[in-house]
Amino acid sequence: MEPAEVEFLAEKELVTIVPNFSLDRIHLIGGDLGPFNPGLPVEVPVWLAINLKQRQKCRLIPPEWMDVGKLEEIRDQERKEDTFTPMPSPYYMELTKLLLNYASDNIPKADEIRTLVKDTWDTRMAKLRLSADSFVRQQEAHAKLDNLTLMEINTTGTFLTQALDHMYKLRTNLQPGESAHSQDF
Amino acid sequence: MFVSDCRREFYDVIVTQRVLLLVASDVDALCACKILQALFQCDHVQYTLVPVSGWQELETAFLEHKDQFKYFVLINCGANVDLLEILQPEEDTFFFVCDSHRPINVVNVYNDTQIKLLVKQDDDLDVPAYDDIFRDEEEEEEDSENESEGSEPSDKRRRFEEDVIERTMRRRQRREWEARRREILFDYEQYEYHGTSSAMVMFDLAWVMSKDLNDMLWWAIVGLTDQWVQDKITQMKYVTDVGALQRHVSRHNHRNEDEEHGLSIDCTRIAFDYDLRLALYQHWSLYESLCNTSYTSARLKLWSVQGQKRLQEFLADMGLPLKQVKQKFHSMDMSLKENLREMIEESANKFGMKDLRVQTFSIHFGFKNKFSASDIVYATTSLMENIEKEGPETTNFIKALDSLSRGNLDKLHQGLDLAKKQLRAIQQTVASCICTNLVISQGPFLYCSLMEGTPDVKLFSKPVSLCLLSKNLLKSFVCSTKNKRCKLLPLIMAAPMDVEQGTVIMVGIPPETESSDKKNFFGRAFEKAADSTGSRTLHNHFDMSIIELKTEDRSKFLDALISLLS
């Protein structure tokens, strides 16, 4: 999957906005949205929120996990544990990027939030690399990683599977007689 | 007709239509265009943008598009001529004109249906009253019909005599009225000047609709600063408009002082500055900036050896070492930069430069990017008048338009480099003109003509660059000459425009005085002189005081002007 595709999927997540126009319920293929009343918060998917924000028709309210205190806790937790800790949203990286790019004036302390999320991401990527490295070295058959988000899987996915393919080919050529392990990916 | 409620009578009308935007080629128009484009994008309005640099292009664009569009928006063009006569539109086309050129043509003011003027009413417009200019044509016809009626001979004769007396009285009244009308119109249209910047008018529209953003405010500021840089408005008007914009700036940017809830560093921040008047000084070295700003180079007389010595004295007076001053401003010592503005102001007062600081604004986004409004004006002007042709005619315009957006910093930096070249070329040309006494007094005005082989003369074949050069030249000349009478004369400047076709571009600017009201009478004067001598001239520019004419006709044109104005 391309990162752009993952971001596209992330845009389906719901976020709260405060519109400044009024509109009745709209019926879309994915579900119903609205009604929109000026000054009253309503939940919409991120793609619509960004579009309305660019047209100056709403104000975005950051999700509750996008707060300096909470993110500091999450980052410290991540650094302590060896395995992956659960993330506040399966699309935390994409949402941070989208909201901070287009609506940074609605998000308090946007710069610190950006730094904290990046720190958490770096820690998790380091753990992922370590785990992939040990997986390949010890020629394991299975691995189970909890609490990974789609974006993180996507960064290593292609590389890891191709590397393991190569390893398999090299191994089967070394030991022609033995029945090769069938590794399901 | 003046539009009283911009939102209802202009925006709400075009929001559901396809619109053609005709935009003139100056920075104020570009800024107004950007603001309007941003508003259109919010509401998904379909529009076509056509840049125009003169009346001919305006007419061609109109003829090309008149079948597809019913609504035309003209920015910084079209207010000072009779639009209906020039364009001959259909009954159901509407023109919205947002123009800072004055005086507004009376036909445009009193047309109720097709022409709507987006102009602030509190500008001192002094439009003549309707009855003084227009008169019903029906009264004429009654006169001629009365002549043929009559019944009995004696009655007929008496009535005939009465009729004759009545008719002569009416004719005399009519002649008096016409004479008065000509006088009123002559007074009204004699002087050209500029009103409120179109970018500010567009920003007011956005504000009324509550869709104003910091970015749009910045464009309004750049539009106003363009009028100031090109000397189009009086100092009073500039200060008043700066005050109005300052209220908006504090409304949008008050959050920056609060540490707790400050905005992200990437957000646009605008700040009011009482900054130095030196052109591009933060992107150049202080020394270069002092040499190439017209204000300082004119007052210090930097074209002479004496002047160079005075510059060294000035720098020594402030305690700035030459080595520091000649390197890039960013690399100057922090200790020197801290009190720079106050130091320069103090020393400048001693050297006769009392207004070295001016009220302006600066924008700040990201960690590196800080620009003052006049920097942007110079950069955008040079991009727009770039003589290196890189494709079809409109690429320069589009590039200049793009450079105003925050995301296109590379174009902005390119513009800054071009602006530095332009300022240097202007200074060198001014210095050579003054040293070789090229500015001659012709009686009612001063005249200067650039020769073919002058270095950088191609840069001055564009109207805005030539205007900047002429204003600088006049300022420097006024400081250099001892002749009291010459100091009060206006200046006409001529530069070769197209060598193959043998044309020359000529610009007339008003005299340089402390409290000048920037009113320019050369527009009408050029027209009259061209008529009386039959010279082949082209009054193509929206500013009537800029014309093109054939080189051969130049001398007889000038003679006609001299006799007209003396």
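Which residues are buried in helix α2 (residues 46-54) of chain A? I started my notebook with that.

**Ground rules**

I am working with a predicted model, in which local features need pLDDT of at least 70, side-chain atom pairs count only at pLDDT 80 or more, and totals for chains, interfaces and linings use all residues. Residues are numbered from 1 along each chain as its sequence is written, chains are lettered from A and ligands numbered from 1 in the order in which they are written, and side-chain values use heavy atoms, with hydrogens and water left out.

**Helix α2 of chain A**

I found A:Val46, A:Leu48, A:Ala49, A:Ile50, A:Leu52 and A:Lys53 buried in this helix. I take buried as under 20% relative accessible area, exposed as over 50%, and partly exposed as in between, with a 1.4 Å probe and protein chains only. Next I looked up the cover over these residues. It includes the strands β1 (14-19), β3 (31-33), β4 (42-45) and β5 (58-61) of chain A, and also helix α4 (92-102). Just after α2(A), I noted A:Gln56 with a positive phi of about 60°.

**Chain A as a whole**

I listed 6 helices and 5 strands in chain A. Helices here are DSSP runs of H or I with at least four residues, strands are runs of E with at least two, and both are numbered from the N terminus. The order along the sequence reads α-β-β-β-β-α-β-α-α-α-α. Chain A is more spread out than a compact globule, because its radius of gyration is 21 Å, well over the 16 Å that the globule rule gives for 185 residues. That radius is taken over C-alpha atoms, and the rule is 2.2 Å times the number of residues to the power 0.38. I also noted the span of the C-alpha trace along its principal axes, about 75 × 40 × 20 Å.

Of the 185 residues, 37% count as buried. I then checked contacts (heavy atoms within 4.5 Å). Among those in chain A with a separation of 6 or more, 67% come from residues 24 or more positions apart. For charge, I recorded 21 positive and 29 negative side chains, with the centres of the two sets 3 Å apart. Lys and Arg count as positive, Asp and Glu as negative, and His and the chain ends are not counted. Each charge is placed at NZ of Lys, CZ of Arg, CG of Asp or CD of Glu.

**Ring pairs**

Rings of Phe, Tyr and Trp (its six-membered ring) pair if their centres lie within 6.5 Å; planes under 30 degrees apart are stacked, over 60 edge-to-face, and the rest tilted. B:Phe62 and B:Phe72 make a tilted pair, 5.0 Å centre to centre with 55° between the planes. This pair links distant parts of the chain, 10 residues apart: B:Phe62 is in helix α3 (residues 55-65) of chain B and B:Phe72 in strand β3 (residues 71-75). Both B:Phe62 and B:Phe72 are buried.

The rings of B:Tyr71 and B:Phe94 are stacked, because their planes are at 15°, with centres 5.5 Å apart. B:Tyr71 is in strand β3 and B:Phe94 in strand β4 (residues 94-98) of chain B, 23 residues apart. B:Tyr71 is buried at 14% relative accessibility, while B:Phe94 is partly exposed at 25%. I also found a cluster linked by ring pairs: B:Tyr191, B:Phe521, B:Phe522, B:Phe526 and B:Phe557.

**Backbone notes**

Which peptide bond is cis, with omega near 0°? I found it from B:Arg102 to B:Pro103. B:Pro103 lies in the loop between β5 (101-102) and α5 (106-110) of chain B.

I noted a positive phi of about 55° at A:Lys109, which is not a glycine. A:Lys109 sits in the loop between α4 and α5 (110-137) of chain A and is partly exposed at 32%. B:Asn76 has a positive phi near 60°. Its loop runs between β3 and α4 (83-87) of chain B, and B:Asn76 is buried at 2%.

Is B:Ser465 buried or exposed? I read 1% relative accessibility, so B:Ser465 counts as buried. B:Ser465 lies in helix α21 (residues 463-480). Setting aside residues up to four places away in sequence, B:Ser465 touches B:Glu385, B:Gln422, B:Leu459 and B:Phe460.

Last, I looked up B:Leu564 in helix α23 (residues 554-565). B:Leu564 is partly exposed at 38%. Beyond its neighbours within four places in sequence, B:Leu564 contacts B:Ala525, B:Lys528 and B:Ala529.
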